[in-house]
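Please look over the sequence and the 3D structure shown here, and then read the briefing that follows.

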Amino acid sequence: HTWYVIERNNHFETISHEALSLLPEGSFSMLQNFQTHHEALEEHKRLVLMTIGDAKAKLDQLKK
């Protein structure tokens with residue numbers, strides 16, 4: 001099985017190849033593919049944490 005981390009509707013998603021093939025073309029951006037679900041989830045988590053860190057840094061700049 002192949003797993004993908006995609007961005008759709010401004011959110012990250014971890015999705016199987018089967019589910020990905022059902023999505024309308026152009027409705028998502030593929031970020032990366034993985035051999036295991038665990039690897040895909042780890043990347044998904046990393047991307048979410050990075051996005052949170054970026055948002056926090058922007059908020060901290062507004063406080064100054």
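Helices (H or I, at least four residues) and strands (E, at least two) are DSSP runs, numbered from the N terminus. This is a predicted model, in which local features need pLDDT of at least 70 and side-chain atom pairs count only at pLDDT 80 or more, while totals for chains, interfaces and linings use all residues. Residues are numbered from 1 along each chain as its sequence is written, and side-chain values use heavy atoms, with hydrogens and water left out. An open sheet of 3 strands, paired in the antiparallel sense, has helix H2 (residues 37-63) lying across it at E1, E2 and E3.

**The sheet**

- The strands of the open sheet come in the order E2-E1-E3, and their pairing is antiparallel, where two strands are said to pair if DSSP finds at least two bridges between them.
- Strand E2 (11-16) and strand E3 (29-34) stand at the edges with a single partner strand each, so one side of each has no neighbour in the sheet.
- From one strand to the next, the twist averages 25°, given that axes are lines fitted to C-alpha atoms (for helices over the stretch in contact) and that angles run from 0 to 180 degrees between N-to-C directions.
- Strand E1 (residues 3-8) pairs with E3 in the antiparallel sense over 5 bridges, and Val5 has Gln32 as its bridge partner in E3.
- E1 and E2 also run antiparallel and are joined by 6 bridges, and the bridge partner of Glu7 in E2 is Phe12.
- As a general point, side chains in a regular strand alternate between the two faces of the sheet.

- Asn9 counts as exposed at 63% relative accessibility, on a scale where buried means under 20% relative accessible area, exposed means over 50% and partly exposed lies in between (1.4 Å probe, protein chains only).
- Asn10 is also found in the loop between E1 and E2, and Asn10 has a positive phi of about 65° although it is not a glycine.
- With a relative accessible area of 69%, Asn10 is exposed.

**Helix H2 and the sheet**

- Helix H2, which lies across E1, E2 and E3, runs at about 180° to E2.
- His44, a residue of helix H2, is buried, with a relative accessible area of 18%.
- If its neighbours within four places in sequence are left aside, His44 is in contact with Val5, Phe12, Glu13 and Thr14, where contact means heavy atoms within 4.5 Å.

**Salt bridges**

- A salt bridge is a side-chain nitrogen of Lys or Arg within 4 Å of a carboxyl oxygen of Asp or Glu, and by this rule the count comes to 3 salt bridges.
- The side chains of Glu13 and Arg8 meet in one of them, at 2.9 Å from N to O; Glu13 is partly exposed at 21% relative accessibility, and Arg8 is partly exposed at 24%.
- Lys45 forms a salt bridge with Glu42, with the closest N and O atoms 3.8 Å apart, and both of these residues lie in helix H2, 3 residues apart, which is about one turn of the helix.
- Lys45 is partly exposed, with a relative accessible area of 46%, and Glu42 is partly exposed, with 37%.
- The side chains of Glu43 and Arg46 meet in a salt bridge at 2.9 Å, N to O, and this pair also lies in helix H2, 3 residues apart, or about one turn of the helix.
- Glu43 counts as buried at 14% relative accessibility, whereas Arg46 counts as partly exposed at 42%.

**A nonpolar patch on the surface**

- Val48, Leu49 and Ile52 form a nonpolar patch on the surface, with about 260 Å² of accessible area together, and Ile52 is found in helix H2.
- Patches are made of residues with over 30% relative accessible area and no salt bridge, with like charges joined within 9 Å and nonpolar side chains (Val, Leu, Ile, Met, Phe, Trp, Tyr) joined within 5 Å.
- Accessible areas come from the Shrake-Rupley method with a 1.4 Å probe, and for residues only the protein chains shown count as cover.
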